[in-house]
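Colleague: I have a chain open and would like to go through it with you. Could you set out your terms as we go?

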Amino acid sequence: MSSALTRLAPLAPRLTASGLCRQQLRGFSAAVGHGDAKVNCWEQPTNISNWKEEHIVFAVLGCWGVGIYSAMKIFGGGKKESTPSAAPEQLDKH
């Protein structure tokens, strides 16, 4: 590997001078200014349309979590403690 690099080392100035190695242009980046600027959810909490997409995802997932947890607590059938009928009779005998 190093022998291949040493053979190509003299070619490096010619490659960069001829323009074969160009810097990538960022013509379509988000900083160009297409549309409204997206902000963090804590900067404008009442204007959801300007939130960043990942903050909207976190809010939606949080709401789903609260909804599912609430439904499990309300409608979830758990073991209910039943009072045994023999217990009050034993208290009366003593």
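Predicted model: local features only at pLDDT ≥ 70, side-chain atom pairs only at ≥ 80, totals over all residues.

Colleague: Which residues is Asn50 in contact with, leaving aside its neighbours within four places in sequence?

Modeller: Asn50 is in contact with Asp36, Ala37, Lys38, Val39 and Gln44, once those neighbours are left aside. With Gln44 there is also a side-chain to side-chain polar contact at 3.4 Å. A polar contact is a pair of N or O atoms within 3.5 Å; within protein, one must be able to donate a hydrogen and the other to accept it, and residues adjacent in sequence count only if both atoms are side-chain atoms.

Colleague: Where does Asn50 lie?

Modeller: Asn50 is in the loop between helix 2 (12-18) and helix 3. Helices (H or I, at least four residues) and strands (E, at least two) are DSSP runs, numbered from the N terminus.

Colleague: Is Asn50 buried or exposed?

Modeller: Asn50 is buried, because its relative accessible area is 15%. Buried means under 20% relative accessible area, exposed over 50%, and partly exposed in between (1.4 Å probe, protein chains only).

Colleague: And His55, what is it in contact with, again leaving aside neighbours within four places in sequence?

Modeller: On that basis, His55 is in contact with Val39, Asn40, Cys41 and Trp42. His55 belongs to helix 3 (residues 53-75) and counts as buried because its relative accessibility is 12%.

Colleague: You mention a cysteine. How many disulfides are there?

Modeller: A disulfide is a pair of cysteine sulfur atoms within 2.5 Å. By this rule the count is zero. Cys41 is partly exposed because its relative accessibility is 22%, whereas Cys63 is exposed because its value is 57%.

Colleague: Changing topic: how many helices and strands does the chain have?

Modeller: The chain has four helices and zero strands; from the N terminus on, its elements run α-α-α-α.

Colleague: How much of the chain is buried?

Modeller: Of the 94 residues in the chain, 7% are buried.

Colleague: Last one: is Ile68 buried or partly exposed?

Modeller: Ile68 counts as partly exposed because its relative accessibility is 46%, and Ile68 lies in helix 3.

Key
Residues numbered from 1 in each chain as written. Heavy atoms only, no water. Contact = heavy atoms within 4.5 Å.
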